[in-house]
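I have opened my notebook for a new model today.

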Amino acid sequence: DLWERYIDPAFRDRAIHLRTNAEGLELLGRLDGAELAGPEATLEVPANGEARVDWRVRVTRPGEAKLVLKAVGPEFGDAVERIAVVCGSARTAPHNFVFLEGVRSAVQAARTPEEGLRAMGRIYAGWALSQTFYRREMWRGLGFASLEDFLVRSWEANFVRRDARDLMAQLWTWQNGDISANDLYRGDLAMALAGIKAKVLLMPSATDLYFQTDDNRAELPHLRDAKLVEIPSVWGHRAGNPLANPEDAAFVDAQVEALLNA
């Protein structure tokens, strides 16, 4: 909502309060030299409604949302100078869609909501992390005594506390993710990508089973000013949200910092 509010005269001389809406998210940014960090921040909008804001949100799957901000609506054409797409794509790939169909079917076929959520957690465990992660038993470094312990205390526990209806809504949104699915671009993905004026950093994980590097590689020729840098990680999709992985976190931060300073 930041840019929509920022260009609206009604919000001049007012404070904009940003807050992340899920656990594990963090706002990182700079507003006219002031550092912003943490799960929430308040921005004071000056009288003329103009100020430079460099910001990003650490989140599991931010790619599509950031691209949509730039691609939809000519009024946003010059609002954003740089975009970092970390483990995301401009359109959900067919294989990604099929994976989510499996998740949806498992949850809806379960005898009880809890059973469905536990099944969802176990399915995600096999997709969010790579084959190498499991081959090396890297879950031991996270404090789990066995693979079953990891599946139960990490994955099942993470999903069973959620509302299945919310997850199904989020799943539908993911399946239908497409920055060209609007009246402006009418399904023409190449045109939507070409409409992005910002400098773009495409940063997939080398082992992401959801958003493969080839997805971003196919987008690259249609972007005006873009660079692809692959995260050399065995953490799969989790490389994009490296809360327990300082090596990947340092790599991502360094690339984003270079983008902000470019």
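Below are my entries, starting with the ground rules and then going from the sheet to the helices and rings.

**Ground rules.** I am working with a predicted model, where local features need pLDDT of at least 70 and side-chain atom pairs count only at pLDDT 80 or more, while totals for chains, interfaces and linings use all residues. Residues are numbered from 1 along each chain as its sequence is written, and side-chain values use heavy atoms, with hydrogens and water left out.

**The sheet.** I looked up an open sheet of three strands, with the order β6-β7-β8 and parallel pairing. I noted that strands (E, at least two residues) and helices (H or I, at least four) are DSSP runs, numbered from the N terminus. Two strands pair if DSSP finds at least two bridges between them. At the edges are β6 (82-86) and β8 (226-228), and each of these pairs on one side only. On average, neighbouring strands in this sheet are turned by 15 degrees against each other, direction ignored. Here axes are lines fitted to C-alpha atoms, for helices over the stretch in contact, and angles run from 0 to 180 degrees between N-to-C directions.

How many bridges join β6 to β7? I found five, with β7 covering residues 199-203. As an example, Val85 has Leu202 in β7 as its bridge partner. I also saw helix α10 (residues 246-261) lying across β6 and β7, at about 170 degrees to β7. Contact, in these notes, means heavy atoms within 4.5 Å.

**α3 and α7.** Next I took helix α3 (residues 94-109) and helix α7 (residues 164-175), whose axes come within 10 Å and cross at roughly 160 degrees. That angle makes α3 roughly antiparallel to α7 (under 35 degrees is roughly parallel, over 145 roughly antiparallel, 65 to 115 roughly perpendicular and the rest oblique). Their crossing is left-handed (the near helix is turned anticlockwise from the far one by less than a right angle; clockwise would be right-handed). Among the contact residues are Phe97, Phe99 and Leu100 of α3, and Met168, Leu171 and Trp174 of α7. By class, I have nine nonpolar, three polar and two charged residues there. For the classes, Ala, Val, Leu, Ile, Met, Phe, Trp, Tyr, Cys and Pro count as nonpolar, Asp, Glu, Lys and Arg as charged, and the others, Gly among them, as polar.

**α4 and α6.** The axes of helix α4 (residues 113-128) and α6 come within 8 Å and cross at roughly 120 degrees. The two helices α4 and α6 are therefore oblique to each other, and their crossing is right-handed. In this contact I counted 10 nonpolar, one polar and five charged residues.

**α4 and α7.** Left-handed or right-handed? The crossing of α4 and α7 is left-handed. Their axes come within 11 Å, at roughly 40 degrees. Leu117, Met120 and Tyr124 of α4 meet Ala164, Leu167, Met168 and Trp174 of α7. That contact has seven nonpolar residues, with no polar and no charged ones.

**Rings.** My last entry is a count of 16 aromatic pairs. Rings of Phe, Tyr and Trp (its six-membered ring) pair if their centres lie within 6.5 Å; planes under 30 degrees apart are stacked, over 60 edge-to-face and the rest tilted. Phe133 and Phe150 have ring centres 6.1 Å apart and planes at 40 degrees, so this pair is tilted. Phe133 lies in helix α5 (residues 131-135) and Phe150 in helix α6 (residues 147-160), so the pair ties together parts 17 residues apart in sequence.
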